[in-house]
Amino acid sequence: MRFAAEGNVPRHWKRLLVLLWVSAAPGLAHAVSLADLGVKGALTYDVFAHREDVGIDDAVRHELAADLEWEHRFNRRWQISSDLRARIDSDRLVSGFYGSEDEREPHRHSLLLRELELKYRGDDLQFKLGKQTYAWGTADAFNPVDLLNPSDYLDPIAFDDLGIWSASLRGKIGEFDIEGVWSPWFVQSRLPDQTGRWRTAPDLESPFASVPIVAILVDLVPGFFPPPNPVVRTDYPDGGLDQSQFGLRAQTTLAGWDLSGYVYDGYPLVPEVRIDGTNASLIYPHMRVYGAGFSTTWEWLEMHGQAAFTDTSIEPEVAARGDRVDWIVGANATWVPDDPGVVESVITLLEYAHENLLESQPGDSTLPELGSPADAFRDAIAARMQFLLVSETRAAVFTAVDLSGPASALVRFELSRQLNDRWYVAAEVDVFEGPSDEFWGRWEHNDRVRITTRCFF
Amino acid sequence: MRKSAWLGALLLVSTAGHAATPDAKEIMVKQRALLSVTDETETLSMTIYAKNGDQKKRSVRRTTRTADGLSRTLVRFLSPRDVERTGVLTWENANGVDDQWMYLPAMKKVKRVASSGKKNRFMGTDFAYEDLRPESTEAHTYKVVKSEPCEKETCWVIEAVAATPALAEETGYSRRQLWVQQSNYMTVRVDFYDKSNKLEKQQTNRRIKNVSGSVWRANEIEMRDAVEGTRTVNEVLDRTLNTGLKEELFSQVELEEGS
């Protein structure tokens with residue numbers, strides 16, 4: 001399963017396979033005439049060139065992904081759609097052909113059913129069943145009310161949301177748009193591989209490499225360095241119907257304001273860490289979250305905000321981090337030059353996110369985060385300036401600054417162009433700055449360039 | 001005697017001319033009344049011509065519903081793949097400040113668009129978001145500049161400027177000049193002037209057809225960028241009127257879930 005453990009030959013084979021895919025896939029897609037089958041999609045070829053090798057991870061990683069979307073309408077009311085991703089890479093992030101949906105598995109599989117949705121649209125009511133993605137929050141950097149879908153954080157700065165098997169009902173009551181979601185199977189986010197370049201733990205040889213941290217990592221990553229102490233408890237909420245998740249959103253527009261309210265009942269997508277003496281537990285406390293959001297415009301500004309209160313009183317004996325409020329506010333400003341030249345418009349985003357812990361449980365530890373980018377937004381500023389240039393070219397600079405300790409930051413420069421209806425190219429430079437024990441600074445060795453080529457079909 | 005006859009005739013022509021040129025606002029209000037329908041769905045083929053002659057094709061469905069004199073419009077891209085399902089929903093408000101949202105399928109999210117975002121070009125075309133909204137007679141002041149022949153008709157040339165400083169800030173134009181046919185109140189040409197009062201874009205409406213009663217429509221609309229040398233041509237492939245579209249079809253739910 002682990003190519004790295006089997007020597008370099010399989011990785012060479014994988015590189016060869018990637019190259020074969022790159023050269024053959026567009027022709028294959030054309031030959032099979034997928035459009036005639038009602039299949040649409042895109043082939044994406046990515047090259048990630050990092051500053052240096054890290055452990056067994058090469059500096060350069062190639063990835064090819066084919067996204068295949070299919071939709072069929074039975075009649076005016078009923079339709080079915082699917083989104084399948086086939087993926088291969090030259091390194092270790094993709095391993096195995098198809099596996100369980102349990103995202104505790106440390107690697108991606110080559111075949112991922114991202115969504116499969118049976119939809120009924122009545123006049124006033126909509127029902128959807130299947131593997132779905134819910135994006136409820138209106139912020140760009142971080143949405144504290146998006147609690148239903150886990151994410152794949154194997155590459156935590158280029159992560160994907162993962163669909164969840166669920167049923168949803170959406171309808172209008174008075175002026176309110178109401179959507180309710182029930183998901184019978186909890187799935188946690190896939191965390192960074194702690195043996196790879198995106199590890200979040202301190203270097204094992206450093207004096208900060210405490211026993212409990214190692215124990216936690218052992219549980220997260222099968223086959224990791226044997227622990228001096230075992231993890232004493234994990235309570236992954238896979239108890240079936242008894243441990244279902246529920247989500248509810250109500251939203252309306254009133255005098256130019258989009259207002260929304262949220263309720264979520266379920267479990268944290270990234271486990272919390274509880275330390276008792278020298279023992280560690282990975283826990284998933286049952287929690288209830290109440291949220292609210294707004295979005296409005298005022299002259300050239302678009303403003304938005306969300307707040308989510310997490311109530312952990314359902315299982316106070318289990319909860320590690322206790323009750324808390326996560327919130328974010330932000331604004332988008334669009335500037336269009338009166339005399340446009342190369343620059344058609346500039347869109348500036350500024351957001352501030354914060355977490356207020358209302359009470360601190362004994363288990364609220366000082367452990368490093370487990371790799372969820374959400375951890376970087378407990379006290380953070382995010383900013384983005386995007387330049388829309390002529391000929392469908394975009395340039396942007398984005399930064400996320402973690403202020404929860406000594407400042408650390410991710411700075412991203414992007415340049416992209418839609419060449420024509422079929423081809424899209426993009427280049428991205430990611431730079432990490434800050435102390436090595438802070439959220440972004442610890443990945444300083446991962447500064448990289450990413451080149452993306454996409455072909456739509 | 002001959003002199004007084006000439007003076008009389010001149011006065012008559014002058015008076016008749018004055019009576020035949022109604023107030024510009026009245027023209028625009030009447031235009032809206034004559035040309036508006038309860039609802040309308042158009043499928044458009046958009047061809048974007050780059051300066052070097054390169055072409056891009058896009059297919060768009062535009063749906064409009066008008067109630068109480070205010071319209072709601074949903075524009076949805078049908079192709080190509082890179083923009084498919086992208087949508088823009090606009091609610092016209094009486095104060096001239098619209099609500100506008102955009103749906104980007106890659107993000108699976110509906111986002112509100114700020115007013116000045118309406119100056120932006122719409123998805124790489126030569127149309128700005130604000131060019132796609134219905135003419136808001138409340139948001140503009142109008143004056144008739146002149147009357148002149150246009151094609152085989154006679155047109156009023158009407159100048160439109162933002163009605164308030166706040167609205168002037170929102171728009172990308174200092175003024176527009178509209179050529180409105182006197183026979184059917186149909187706009188056949190619009191010149192857009194930038195903030196420094198230079199001609200920025202020119203819209204030409206062609207293949208004008210009577211589609212129902214007093215309702216006329218252009219089946220080909222060209223927007224030419226006078227500065228960049230690019231142009232976008234919208235060709236109407238299909239149009240239906242007054243089919244009883246429900247208000248729910250112009251909601252954020254439809255923007256997000258519709259196809």
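Reply: First a term: buried means under 20% relative accessible area, exposed over 50%, and partly exposed in between, with a 1.4 Å probe and protein chains only. This is a predicted model, where local features need pLDDT of at least 70, side-chain atom pairs count only at pLDDT 80 or more, and totals for chains, interfaces and linings use all residues. Residues are numbered from 1 along each chain as its sequence is written, chains are lettered from A in the order in which they are written, and side-chain values use heavy atoms, with hydrogens and water left out.

Me: Which residues of α2(B) are buried?

Reply: B:A24, B:I27, B:M28, B:Q31, B:R32 and B:L35. They sit on the same side of α2(B), because they cover an arc of only 130 degrees around the axis, taken from the directions from the helix axis to the C-beta atoms.

Me: And which exposed residues are on the face turned away?

Reply: B:E26 and B:A33.

Me: What caps the N-terminal end?

Reply: B:D23 does, with a side-chain oxygen 3.1 Å from the backbone nitrogen of B:K25.

Me: New topic. How many residues are in the largest nonpolar core?

Reply: It has 34 residues, and B:I158 and B:F77 are among those with the most contacts inside it. Such a core is a set of buried Ala, Val, Leu, Ile, Met, Phe, Trp, Tyr and Cys residues joined through side-chain atoms within 4.5 Å.

Me: Where does the largest share come from?

Reply: From α2(B), which gives four residues.

Me: What does B:I158 touch?

Reply: Not counting residues up to four places away in sequence, B:I158 touches residues including B:A24, B:I27 and B:M28. Contact means heavy atoms within 4.5 Å.

Definitions and conventions: Helix = DSSP H or I, 4+ residues; strand = E, 2+ residues; numbered from the N terminus. Polar contact = N/O pair within 3.5 Å; in protein donor to acceptor, adjacent residues only side chain to side chain.
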